[in-house]
Amino acid sequence: MQESAPSPDADSRFGLSATWWRRWWRRQTPGRQDRFATLAPVAAVLMFLAAIISAFWYLRLEEVDREHEAVKRDVEYAQQRVRLRLLERQEQLMRLARDASNHEIDFDEFMGRAESLVSQYPELQALTWIDDRRRIRASYAAPSVTSSQLRPAGTTLRAGGETESTYSLARDLQQPVYSQPAGGTDTTGLLQLHIPLAEQGRFSGVVLGEYSIDGLLRYGVPSEVQAKYAVAFLDAKSHLLAGTSVPTRDPATGVLSFASKPNEYEVPVSPVGNGLVIRAQAYRASLGVIGSGLFWLVSALSAMTAWMLIGNWRHTRRRMQAQQALISETNFRRAMENSMLTGMRALDMQGRITYVNAAFCQMTGWSEAELVGRTPPFPYWPEADREQLAARLDDEINGRSTPGGFQVRVKRKEGSLFDARLYVSPLIDAVGKQTGWMTSMTDITEPNRIREQLSASYERFTTVLEALDAAVSVAPLGSEELLFANKLYRLWFGTQTVGHLQMVAQAGVPNRPTTDESLDEVDSFVGLPTDSLMAAQSGNAEIFVPELGKWIEVRSRYLNWVDGRLAQMVIASDITPRRHAEEQAEAQAERAQSASRLITMGEMASSVAHELNQPLTAINNYCNGMISRIKGKQIQEEDLLAALDKTARQAQRAGQIIQRIRSFVKRSEPNRTAADIAAMVNEAVELAGIELRRRNVRLSHYVAARLPKLHVDPILIEQVLVNLLKNAAESIDHAQRPTARRSVELRVVPKQMGEQAVIEFSVLDSGAGLAPEVMDRLYEAFFSTKVEGMGIGLNLCRTIVESHHGRMLAENIYNGTEVAGCCFSFWIPVSDATNSIVSPSTKDAGVSA
């Protein structure tokens, strides 16, 4: 089978040298050599003509390419100018929308700013404020806008229109949206920009900006581009929106030019997208190749003289281009290899190193000359690991490498070691034959160090959590999976979520979101904190767990778990000892209150005896008188009945005194109820009045009308009032005031403390007041100014008042610079549950005595 000669085109494509041609020529037979010698001039001429035609054709293609690149460059430049102009207008409209969302401007200010923007930028035709109900709140349009394109305030968007569809898209995406309405709509020739308004994260409407497409072309496209090309804006269907086009060429004259298709380029206008395309068409200025007669004349005259020179020139030029391309490609590959951070090593089929890159040399400290050609053991193998590495290399050469790579230790030239991960893959040449193995090496010393630190940190963190005296558990919302539980939780509840869910349920913390998605406005995580989860405050609750027999304080908070799921963390602390201590303190306080009342009655024993002596003496006198008169038969039935009635009243009076004292001093459980203020004051006045009468002190009290009931323990409040009234009488007696100045006043009036409604009880006396050193230690336990006092009365009074969420105050009363007495007052807040309750005994007027 004879070898065929290559074509001249092949010589042009592959750049075959003259030496190859000579070798090929010698292999031909003598007859064929003669035929080639005869046809050589003709072939040379044909080859030269083909070369000339190809040269002109190539130059024309180059010219067309340059023209096309120029058009492309100018169109992209014009597109960037239009894009920047649109983005500037968009930024201004977004600032206007932000001010409208924040209520920093009203409709009039919006109209003013819209007029300013429309006047300043001719391409901007109209600005419209549309609320979340598609109602137009304000609109301003340029005078050039037709009446059919105006949007009067108060109207709504036409349903089903392009504007309404884009409005819905902007509402759903919550970001600016451009729209190019199709021809025939209510916004023909206008480009729309919908910018959503957001008020506290909720959609509240859009600001609609409408551009004139013709104005964008006129003011957005540079004038030098419009002068060079026929520039036009097209829609997504290539329909002309604005601008001009090059007229279609007559088919009859099309053959006279190089190409009948105009040189044009189009590109979408960002950020509008494919809805708006800018196109530029170059005006035809060339006559074409076929239409030029001078071309043929010059070609015919120069064909016989220049064909060899042109042929050699073209051959040399292509050869130089190929050599330059080869050098550039080699330099590029070398630069790419040297810039890699991953070390690369190539081995042949016998395990000899045939290639290393710069990164591999930098990692190991050995140069390329020291490594290429080396056989195992390699110099970067540590002595202690040579057997292991030799086994690894044997597996690698025999194709038993691990797909995920393997970790080894590598020794640098100075002797230090580092951790590396190696990945092995077969090295295949251009014909598909394996010539060796390619290994990539990555330094993982730092990742290993970080991994070890993270592991140690996790171990320390786990140790701390395991040693806590509180049970810690984490579970995702809506799932029974237990993500984390420390040692105390596992000791109490095991490894299940039952304990976690039980504590959450008892503490009243929402555990899982509702899953009803049937309503559009129902959020499945309603009730959860809307702020940043890590900044959400935790909720505390105290519960009793019967299974453990413990009181537990439960604290919970929401957090994002490592996999992104919303989870709930519960921290449970054992507060049983604290609760027992509180119960003991309450019982001790109750006993102290009862003891204080007994002490008060003990101090008032003589007064009580005197008070009881009067009705008992009267009863004795009445009985003796009736006996004498009955024996003498000197009494009528009416007189006997009257005497018996008086005797019964005196006995009832003595019984009331004893019953009042018994109710005051008896020990009972704390009982807070809605108590009538007037009834409490009357009981306290009756009890304290015994002591005040014995000390010849006058008592007056005033209770304001229509006071609400207080949620208090009446006995404790009466105890406070009795102590204060008794102390006031003792202060007056100790000051030895004259009869005219021996008075105590009790006042009960409503008052406002800041934003809280309270009831104020005040006791004013005319004693000697309180010394400064006594005022500082007034409520100190076991401190008393009385010889026989125990110092627990006022301390206990303040404790009772503060247990009712009130406050107690004491201050001197001055008459000029002289102390004229003292005022003890305390107030109790009015609970919300009793604000509307009116005391029935004080409906009409204040009570005074």
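Met680, Val681, Glu683, Ala684, Leu687, Ala688, Glu691 and Leu692 of helix α18 touch Pro714, Ile717, Glu718, Leu721, Val722, Leu725, Lys726 and Ala729 of helix α19, contact meaning heavy atoms within 4.5 Å. Sorted by class, the residues of this contact come out as twelve nonpolar, no polar and four charged; Ala, Val, Leu, Ile, Met, Phe, Trp, Tyr, Cys and Pro count as nonpolar, Asp, Glu, Lys and Arg as charged, and the others, Gly among them, as polar. An α-helix has 3.6 residues a turn, so residues three or four places apart point the same way.

This is a predicted model, in which local features need pLDDT of at least 70 and side-chain atom pairs count only at pLDDT 80 or more, while totals for chains, interfaces and linings use all residues. Residues are numbered from 1 along each chain as its sequence is written, and side-chain values use heavy atoms, with hydrogens and water left out.

As for geometry, α18 (residues 677-694) and α19 (residues 714-735) pack at about 35° with axes 9 Å apart. Here axes are lines fitted to C-alpha atoms, for helices over the stretch in contact, and angles run from 0 to 180 degrees between N-to-C directions. Helices (H or I, at least four residues) and strands (E, at least two) are DSSP runs, numbered from the N terminus. With 22 residues, α19 spans 32 Å from first C-alpha to last, close to the 32 Å expected at 1.5 Å a residue (1.5 Å times one less than the number of residues).

Two peptide bonds are worth a look. The one from serine 270 to proline 271 is cis, with omega near 10°, and proline 271 sits in the loop between β8 (264-269) and β9 (273-282). The bond from proline 376 to proline 377 is cis as well, with omega near -5°; proline 377 belongs to the loop between α10 (368-371) and α11. Most residues other than glycine have a negative phi, and most peptide bonds are trans.

Finally, the lining of the largest cavity, by class, holds twelve nonpolar, no polar and four charged residues.
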